[in-house]
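Here is a friendly briefing to read alongside the model. Please keep the viewer open as you go through the topics.

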Amino acid sequence: MKDASKIFEQLVQQRRSMRQFDSTAEFDPESVTRSLERATLAPNSSNLQLWEFYRVRTPEKRAQLAKICMNQNAARTARELVVFVVRKDKWKDHSQWIWNSYKSSFGEPPYDKGQQKTYNYYNKLIPIIYKNDIFGIFGALKKMLLFFASLRKPMYQQGTSKDTSIIGHKSVALAAQTFMLSMTAEGYDTCPMEGFDFRRLKKFLNLPRRAEVCMVVATGPGTKEGIYHERMRLPNDQVIFEI
Ligand SMILES: Cc1cc2nc3c(=O)[nH]c(=O)nc-3n(C[C@H](O)[C@H](O)[C@H](O)COP(=O)(O)O)c2cc1C
């Protein structure tokens with residue numbers, strides 16, 4: 001095994017969901033800053049970066065958020081909480097930002113074939129996927145057209161509001177995992193949580209209607225008692241296949 005592989009193995013083995021944090025041990029908040037900056041480097045769909053990460057640090061705000069997380073132990077005892085949010089409503093701004101970044105390196109049109117592909121991707125395809133109306137009519141229509149087109153050849157068939165939510169949650173979950181592994185590397189523990197009141201949490205963060213909370217991650221120095229049981233995983237042959 002290469003050295004990096006050994007280190008990674010150690011981090012993955014070490015990361016456990018911590019339900020009881022130590023309130024007195026030393027904690028460096030800069031580790032959260034570094035880990036969130038690393039989280040922004042996670043792979044994400046079309047590089048649209050439809051995410052936001054909210055740090056909750058003061059005792060008052062932490063207590064409020066713990067209540068929204070139904071007073072789970074991990075939330076109550078965390079030294080910091082980070083809320084990972086999906087902002088699929090920002091697709092237009094972000095695709096424009098990405099396209100402008102490309103454009104400044106492309107120079108003046110006419111574009112070559114690759115550049116034209118990038119133009120089409122961010123200016124034509126992304127709007128087709130992400131544009132939806134509140135009644136879901138456009139999404140259903142897209143789905144139907146794509147289904148018929150897919151009868152002839154393999155075709156991307158995502159385009160409803162639910163599809164774009166799933167796309168967003170996949171990317172944000174990868175950012176959350178990057179954050180958690182980074183906090184492990186910093187010598188601290190984490191606990192991902194989806195046990196919270198969505199409506200109250202969105203209100204707490206002052207988020208718009210179309211924003212969605214992916215998960216809350218509690219972090220801080222862990223305790224022995226905070227690991228509730230030995231790690232349990234299904235046997236590999238039940239989940240890893242070769243075809
Ligand atoms: C999306 C997601 C949501 C979770 N929600 C909670 C939660 O609300 N409360 C909690 O104590 N643990 C929560 N967990 C932690 C899981 O229970 C935990 O990852 C699982 O039991 C495996 O244990 P391990 O993380 O120690 O390997 C969540 C994990 C994930 C990935």
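## The largest pocket and the rest of the model

The largest pocket is lined by Lys88, Asn132, Asp133, Ile134, Ser161, Arg209, Arg210 and Glu212. Keep in mind that this is a predicted model.

**Pocket**

- About 170 Å³ of space lies in this largest pocket.
- Sorted by class, its lining holds five charged residues, two polar and one nonpolar.

**Cavity**

- Searching the whole structure turns up one cavity of 30 Å³ or more.
- The volume of the largest cavity is about 60 Å³.
- Its lining consists of Asn44, Ser45, Leu48, Gln49, Leu50, Tyr130, Ile167, Gly168, Ser171 and Val172.
- Helix H8 (residues 161–185) supplies the largest share of that lining, with four residues.
- The lining of the largest cavity splits into five nonpolar and five polar residues, with no charged ones.

- Is strand S2 (residues 80–86) largely enclosed or left open? Seven of its seven residues are buried, so the rest of the structure largely encloses strand S2.
- Glu80, Val82, Phe84 and Val86 point one way from S2, while Leu81, Val83 and Val85 point the other way, and all of them are buried.
- Strand S1 (residues 51–56) pairs with S2 in the antiparallel sense, over six bridges. Within this pairing, Tyr54 of the chain stands opposite Val83 in S2.
- S2 is also joined to strand S4 (residues 212–220), by seven bridges, and these two strands run antiparallel. Here Leu81 has Ala218 in S4 as its bridge partner.

**Aromatic rings**

- The count of aromatic pairs comes to 14.
- In one of these pairs, the ring centres of Trp99 and Tyr111 are 5.7 Å apart and their planes stand at 85°, so the arrangement is edge-to-face. This pair links distant parts of the chain: Trp99 sits in helix H5 (residues 91–106) and Tyr111 in the loop between H5 and helix H6 (113–130), twelve residues apart.
- Trp99 counts as buried, at 4% relative accessibility. Tyr111 is buried too, with a relative accessible area of 18%.
- Phe147 and Phe148 also make an edge-to-face pair, because their ring centres are 5.4 Å apart and their planes are at 70°. Phe147 is partly exposed, its relative accessible area being 42%.
- One aromatic cluster is formed by Trp99, Tyr102, Phe106, Tyr111, Tyr119, Tyr121 and Tyr122.

**Loops and backbone details**

- The peptide bond from Pro109 to Pro110 is cis, with omega near 10°. Pro110 is found in the loop between H5 and H6.
- Met70 is not a glycine, yet it has a positive phi of about 55°. Met70 lies in the loop between helix H3 (59–68) and helix H4 (73–77), and it is exposed, with a relative accessible area of 53%.
- Asn71 has a positive phi of about 55° as well, although it is not a glycine. Asn71 lies in the loop between H3 and H4 and is partly exposed, with a relative accessible area of 41%.
- Lys153 has its place in the loop between helix H7 (137–150) and H8. Is Lys153 buried or exposed? At 52% relative accessibility, Lys153 counts as exposed.
- The C-alpha atoms of Lys153 and His94 are separated by 30 Å, and the two residues are 59 residues apart along the chain.

**Overall view**

- From the N terminus on, the elements run α-α-β-α-α-β-α-α-α-α-β-α-β.
- The C-alpha trace spans about 60 × 45 × 40 Å along its principal axes.
- Of the 243 residues of the protein, 39% count as buried.

Notes: Residues are numbered from 1 along each chain as its sequence is written. This is a predicted model: local features need pLDDT of at least 70, side-chain atom pairs count only at pLDDT 80 or more; totals for chains, interfaces and linings use all residues. Side-chain values use heavy atoms; hydrogens and water are left out. Buried means under 20% relative accessible area, exposed over 50%, partly exposed in between (1.4 Å probe, protein chains only). Two strands pair if DSSP finds at least two bridges between them. Rings of Phe, Tyr and Trp (its six-membered ring) pair if their centres lie within 6.5 Å; planes under 30 degrees apart count as stacked, over 60 as edge-to-face and the rest as tilted. On a 1 Å grid over the protein atoms alone, a cavity is a set of points where a 1.4 Å probe fits but cannot get out, and a pocket is an open set with protein on both sides within 12 Å along at least five of seven lines; lining residues have an atom within 4 Å of a point. Grid points are joined across faces, edges and corners, and a volume is the space filled by probe spheres set on the points. Ala, Val, Leu, Ile, Met, Phe, Trp, Tyr, Cys and Pro count as nonpolar, Asp, Glu, Lys and Arg as charged, and the others, Gly among them, as polar.
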